[in-house]
Amino acid sequence: MVKMFSFVLVTTALLTGRESWALENCLQEQARLRAQVHLLEIRVKRQQVKIAQLLQEKEIQFLDKGEEDSVIDLGGKRQYADPNLFLLRPAVVQQLDPLSSILGVKLPFPTFGIRKKPEPLGMNMRGWNDYENGFGNFVHKNGEYWLGNKNLHLLTIQGDYALKIDLADFGKNSRYAHYKNFKVGDEKNFYELDIGEYSGTAGDALAVNFHPEVQWWGSHQRMKFSTWDRDNDNYEGNCAEEEQSGWWFNRCHSANLNGLYYPGSYRAKTDNGIVWHTWHGWWYSLKSVVMKIRPNDFIPNIV
């Protein structure tokens with residue numbers, strides 16, 4: 001009887017051990033399969049982005065023949081992406097239907113504000129409709145371009161987007177400002193600006209969270225967009241008319257990247273240059289600026 005009981009105990013122990021071993025193997029296999037699936041998802045996303053990039057490069061051959069001040073509107077279902085958007089270079093973008101996608105990837109990751117050279121009739125003489133719908137030529141090496149407030153709104157309501165602004169002066173110096181979250185309101189709310197946490201080397205000239213005395217009149221957080229023909233600022237006058245540009249003005253600004261193009265330090269009735277005051281102050285106009293957005297969870301293309 002004792003031998004029989006011992007045999008039962010041994011058998012039970014062996015069975016229990018076998019089940020434990022099988023369960024452990026099963027869990028390990030599940031973990032391995034999950035890791036493989038994750039790697040495959042990353043590879044698929046990278047390949048999708050690569051395909052979009054190749055399509056975009058093919059389109060440049062056609063777009064490069066366009067007029068310098070023409071409005072680029074590809075329309076329809078033709079969408080492209082720039083996977084290297086946060087590199088310090090102007091990205092190739094276009095006006096588009098932002099709700100479309102290629103192979104399940106939300107597009108695009110656009111550059112929406114490019115300033116590279118003097119344009120007397122570029123950013124500065126434009127009215128509400130132009131800024132709403134977009135204008136300029138993003139292909140021209142030294143061109144100016146605005147994606148359009150309507151497109152910015154449609155893009156940024158799709159998810160969480162980050163904003164990066166690259167700035168360069170006439171001394172061959174560069175700085176950048178990065179905002180973790182970036183959204184543009186709809187037309188009913190006059191394309192109100194919403195930005196999140198700042199990081200970077202240029203200083204926080206958009207929200208001015210570090211300086212209460214400047215913040216109440218100079219911060220652009222939650223400001224509505226204004227143009228010379230549509231005054232939505234907090235100033236008793238018309239900031240857009242005085243500064244000769246469309247922007248998210250307060251009373252009036254601590255940053256204005258659509259201002260007049262001066263060669264560095266300047267004198268004028270108002271501080272209407274291309275200004276980022278936390279870097280060079282209000283009386284220095286920058287040489288070039290590029291504003292960029294991309295999803296916060298974007299996976300860089302390293303294919």
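Among contacts in the chain (heavy atoms within 4.5 Å) between residues at least 6 apart in sequence, 60% join residues at least 24 apart. What you have open is a predicted model, in which local features need pLDDT of at least 70 and side-chain atom pairs count only at pLDDT 80 or more, while totals for chains, interfaces and linings use all residues. Residues are numbered from 1 along each chain as its sequence is written, and side-chain values use heavy atoms, with hydrogens and water left out.

Begin with the whole chain, coloured by pLDDT, the predictor's confidence in each residue from 0 to 100. The mean over the chain is 75, and 64% of the residues reach 70 or more. A cartoon view shows six helices and 15 strands, taken as DSSP runs (H or I of at least four residues for helices, E of at least two for strands) and numbered from the N terminus. Of the 303 residues, 48% are buried, that is, under 20% relative accessible area with a 1.4 Å probe, protein chains only.

Next, select residues 58-109, where pLDDT stays under 50 although the model has 129 contacts beyond four places in sequence for this stretch. Strand S1 (residues 101-102) has the lowest mean pLDDT among the elements of the chain, at 33, whereas strand S9 (residues 193-195) has the highest, at 97.

Now select cysteine 239 and cysteine 252, which are joined by a disulfide with an S to S distance of 2.1 Å; the criterion is a pair of cysteine sulfur atoms within 2.5 Å. This pair links distant parts of the chain, since cysteine 239 lies in helix H5 (residues 239-243) and cysteine 252 in the loop between H5 and strand S11 (255-256), 13 residues apart. A search of the whole structure finds one disulfide, and its link is left-handed, with -90 degrees about the S-S bond. Both cysteine 239 and cysteine 252 are buried.

Stay in helix H5 and move to glutamate 243. Is this residue buried or exposed? Glutamate 243 is buried, because its relative accessible area is 2%.

How values were computed:
Buried means under 20% relative accessible area, exposed over 50%, partly exposed in between (1.4 Å probe, protein chains only).
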